[in-house]
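Student: I would like to go through this structure by question and answer. Please show it first.

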Amino acid sequence: MTPVDLRSDTVTRPTGAMRAVMATAEVGDDVYGEDPNVRTLEERVADLLGTEAALFVPSGTMANQIALRAHTKPGDEILISRDAHCWRHESGALAAIAGVQTQMLPGHTFTAAEVRAAFRPEDPYQSPSRVVTVENTHNMGGGICWEPAALTEVTAVAKQLGLLAHLDGARLWNAAVATQTSEKELARGFDSVAVCLSKGLGAPVGSLVAGSRDFIRRCHRFRKMHGGGMRQAGILAAAGIHALDHHRARLADDHANARALGEALVGAWAITVDLARIHTNIVMIDLERGTAAAVVAKARDEGILLGVACAQRVRAVTHLDVDREGVLRAAKVIAGIAAAM
Ligand SMILES: Cc1ncc(COP(=O)(O)O)c(C=O)c1O
């Protein structure tokens, strides 16, 4: 039986239709700015996000890191949500590459008052707060979405304090579908936005960083410095354009499958799933006994691939390559393993 791979939405493979557009994509040298598909993709994403410009980069990590580098100087501070990807899962790049320090805000989402309380002004003794970053949806928060009104409050307080606002929108597409709010609306008020094509949208590679023309010009230099200039990248950009055209609305199916997985686990022995936190395509499964690593290992033997979020929390992510039957099979296996622990 084919394994059900719920480790991440990054595991999707390009569909036949996507491979076909990649195979016939017109290309040029993008380091010279000559790739027509890259240009089209950058314009399309800037338009979707309501920014002046956008830049195609190989990964979400690079999109976040060059944005935060372009916004800061070494010794500056970034205010960041709990467990933020660009702090927890980007190999220490903020410290190693941008040379900044972070101050963690208390929650996966946070309030304008918490930003105000954490803010540190320019002062010879302190690292001045320069940027506040928001992650929407929040990966380690279980794919939760920010309330659009809370985003407006946070970006407004940032402006008052003279802070720049960065949005890690690796899964902004999911947030837009789940909250029925356009990406442009969710990105309003941010000075920079990172979005990924290679997660729920199902493209093999690629992310973009978006913002003002001047900011993107600075990012362009950092992309080159980080080795992210690509040549005939139109093959990848064409996959991204196809993903934007064909795979955004269908994210609702992934969200419904995540909910079905969560609902099938409610009442299972020694398991807790908080259905109220399943906003999009990520399900966090809390264990009362045993370890997440043990559940993941046993599930693998039964053809169900899962992730470890922390010691007693298993993470399952739905996507293009798993269907309802797969998630229900996964629920049965997980419940069986937990009951036997
Ligand atoms: C919220 C968030 N931001 C950024 C990234 C980084 O993306 P990439 O794996 O393309 O570097 C991820 C990856 O999962 C993510 O979940």
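Student: Which residues surround the ligand, and how do they divide by class?

Tutor: This is a predicted model, in which local features need pLDDT of at least 70, side-chain atom pairs count only at pLDDT 80 or more, and totals for chains, interfaces and linings use all residues. Residues are numbered from 1 along each chain as its sequence is written. With Ala, Val, Leu, Ile, Met, Phe, Trp, Tyr, Cys and Pro counted as nonpolar, Asp, Glu, Lys and Arg as charged, and the others, Gly among them, as polar, the shell has two nonpolar, eight polar and two charged residues.

Student: Which helix gives the most to the shell around the ligand?

Tutor: Helices are DSSP runs of H or I with at least four residues, strands are runs of E with at least two, and both are numbered from the N terminus. With three residues in the shell, the helix that gives the most is α3 (residues 60-71).

Student: Which residues of α7 are buried, and on what arc do they lie?

Tutor: A residue is buried if 20 or more other C-beta atoms, placed from the backbone, lie within 10 Å of its own, exposed if 12 or fewer, and partly exposed in between. In α7 (residues 148-161), the buried residues are Leu-151, Val-154, Thr-155 and Ala-158. They are on the same side of α7 because their arc, taken from the directions from the helix axis to the C-beta atoms, is only 95°.

Student: Which residues are exposed on the other side of α7?

Tutor: The buried side is covered by elements including α6 (112-118), β5 (129-135), β6 (164-169) and α9 (183-187). On the other side, the exposed residues are Ala-149 and Gln-160.

Student: How far apart in space are Phe-110 and Val-154?

Tutor: Phe-110 is in the loop between β4 (101-104) and α6, and is buried, with 22 other C-beta atoms within 10 Å. In sequence, Phe-110 and Val-154 are 44 residues apart. From C-alpha to C-alpha, their separation in space is 8.2 Å.

Student: What distance separates the centres of domain 1 and domain 2?

Tutor: An automatic or database domain assignment gives the bounds, with domain 1 at 11-246 and domain 2 at 250-340. Taken over C-alpha atoms, the centres are separated by 28 Å.

How values were computed. The expected span of a helix is 1.5 Å times one less than its number of residues. Two residues are in contact if their C-beta atoms, placed from the backbone, lie within 7 Å.
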